[in-house]
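Please keep the viewer open while you read.

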Amino acid sequence: MHVCAMSRRNIRGLTWSVISRLSGVNRLGRRRHYFKRELCTQEPQDLKQLFMRHLTSRIKANGPLSVAEYMKEVLINPVTGYYINNEVFGQSGDYITSPEITQMFGELIGVWCIHEWQQMGKPEKLQIVELGPGKGTLAADMMRVFSQFKEFNKAVSLHLVEVSPTMRQRQSEALTGVMTPEDTSVDNLTQKTKYGPEVHWHRFLEQVPNERSCFIAHEFFDVLPIYKFQKKDGEWHEILLDIKEGGGLRFIMSRGPTTNSKAFLTHISDSDERDHVEVSPESGTTIQKMSERIWDQGGRALIIDYGHDGTKTDTFRGFKDHKLYDPLENPGSADLTADVDFSYLKRCCGEDVKTFGPVTQNNFLNGMGIGVRLQVLMQNADDNTRKVLMESVRRLMHPREMGEAFKFLAIAPKDTGYVPPGFSPITCHNEQKSK
Ligand code: SAH
């Protein structure tokens, strides 16, 4: 188990005062029953064929697709998109994310937000803005923490940036506790959460009111579209998608530079040794907008994802049934993802903000006192629940599980004079070897 046995002294003062006030209630055993929204009367097989026909005719009409256009079509096409139609997360879905593994993950991020609000001088209003909130589990776990801090809970409003009506439905259920068939796809929808504050939904970040915010993005940037480029004879070419003979899709290389290779590679220096790079300009503009708002209004951002520091090459892949999957096979039936380039994100933040990290998930959660939180939950748990709690912390923290692949990056105004909790280097004195 790679969790430091944290004593009170290891956790910074304010964080300790918040974490020690959390209740010992755990969400295990509380079963949630979701009903599956009937989105489409067509059978999945018909949808897949329809989508393949759509892609093929698009390519026939306009020529090969960029990888970014393909990702957008596959993931968020309003009729057939993966996030629009599928049971994405959890054991029955294609993959599981940290907030779905244990409540402790969202709770500690909630504690981080409270800590930062205290550092900001307890402003009367703070928007918590989550991008790509999935089932709404992380948001609900944070809100449960907030509800235990009256002054903070009064200041908070929740804003969710979500493109998928199916996901919005899930988020609404998680946050209101009502299994409502209300149409959550409308823009600027507002509901009252069971924790007190209101929740608002937006399609784009631009629609969120420009007020002081704490932005949270967990496994959001990795689904934003990437362009792929390959160097050949000293010149960058773009990797595109074309139709294979006999049907299906294949990668091809553009004959020469494309508009995209000319526009999106300006940050790659001649000394970069890679001959293959992936760039996500949409990620760049998103983090730029967040940074501008943080400089303008104050606030923070916490970006959590798997990624690298501008060193990796070909990371584009599919995920289905918890396994790697050919990203060109059965488009729309598997998740598509690419590692996040944190060095690119940091560059796009600009000069007016300060960035912290990226640090590993193990480092951040240790710094936030996951060991202390685990102990409290264990005290109130039966043997079976204890086993589940221990196993979930192991999955989050172990370097060969999620502990090192996942990274945390924070953004704060440039005049911030301290290091936010979770971002200082941690020395583990008490490390035991994992099972
Ligand atoms: N944060 C969640 C879910 C991650 S999956 C978790 O960790 O469990 C990605 C989420 O982003 C899904 O909710 C998906 O519907 C949403 N999403 C994907 N592309 C989006 C886009 N372009 N704009 C807004 N939301 C998007």
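## Cavities and a pocket

The lining of the largest cavity comprises eight nonpolar, four polar and six charged residues. In these classes, Ala, Val, Leu, Ile, Met, Phe, Trp, Tyr, Cys and Pro are nonpolar, Asp, Glu, Lys and Arg are charged, and the others, Gly among them, are polar. The model is predicted, and local features need pLDDT of at least 70, side-chain atom pairs count only at pLDDT 80 or more, while totals for chains, interfaces and linings use all residues. Residues are numbered from 1 along each chain as its sequence is written, and side-chain values use heavy atoms, with hydrogens and water left out.

Rolling a probe the size of a water molecule over the atoms shows where empty space is left. On a 1 Å grid over the protein atoms alone, a cavity is a set of points where a 1.4 Å probe fits but cannot get out, and a pocket is an open set with protein on both sides within 12 Å along at least five of seven lines; lining residues have an atom within 4 Å of a point. Grid points are joined across faces, edges and corners, and a volume is the space filled by probe spheres set on the points.

With that rule, there are two cavities of 30 Å³ or more. The largest cavity has a volume of about 160 Å³. Of its 18 lining residues, I226, S280, D339, V340 and D341 lie nearest the centre of the largest cavity. Two or more lining residues come from each of β10 (276-279), β15 (340-341) and α12. Helices (H or I, at least four residues) and strands (E, at least two) are DSSP runs, numbered from the N terminus.

The second largest pocket holds about 700 Å³ of space. Its lining counts 37 residues, and G132, V163, F220, V223 and L224 are those nearest the centre of the pocket. At least two lining residues are supplied by each of α3 (67-76), α5 (98-101), β2 (126-131), α7 (137-146) and α11. By class, this pocket lining has 19 nonpolar, eight polar and ten charged residues.

## Helix pairs

Axes are lines fitted to C-alpha atoms, for helices over the stretch in contact, and angles run from 0 to 180 degrees between N-to-C directions.

| Pair | Axis distance | Angle |
|---|---|---|
| α11 (residues 281-297) and α12 (residues 342-349) | within 8 Å | roughly 40° |
| α6 (residues 103-119) and α7 | within 7 Å | roughly 55° |
| α14 (residues 370-379) and α15 (residues 383-397) | 9 Å | about 165° |

Angles under 35 degrees count as roughly parallel, over 145 as roughly antiparallel, 65 to 115 as roughly perpendicular and the rest as oblique. Helices α6 and α7 are therefore oblique to each other, whereas α14 and α15 are roughly antiparallel.

A crossing is left-handed if the near helix is turned anticlockwise from the far one by less than a right angle, and right-handed if clockwise. The α11 and α12 crossing is right-handed. Residues P281, S283, G284, I287, Q288 and S291 of α11 meet Y344, L345, C348 and C349 of α12, where contact means heavy atoms within 4.5 Å. This contact of α11 with α12 contains six nonpolar, four polar and no charged residues.

Right-handed is also the word for the crossing of α14 and α15. Here I370, L374, L377, M378 and Q379 of α14 touch R386, L389, M390, V393, L396 and M397 of α15. The contact of α14 with α15 has nine nonpolar, one polar and one charged residues.

## Backbone geometry

Most residues other than glycine have a negative phi, and most peptide bonds are trans. Which residue has a positive phi although it is not a glycine? That is E219, with phi of about 50°, in the loop between β6 (213-218) and β7 (227-232). The peptide bond from G357 to P358 is cis, with omega near 10°, and P358 belongs to strand β16 (residues 353-360).
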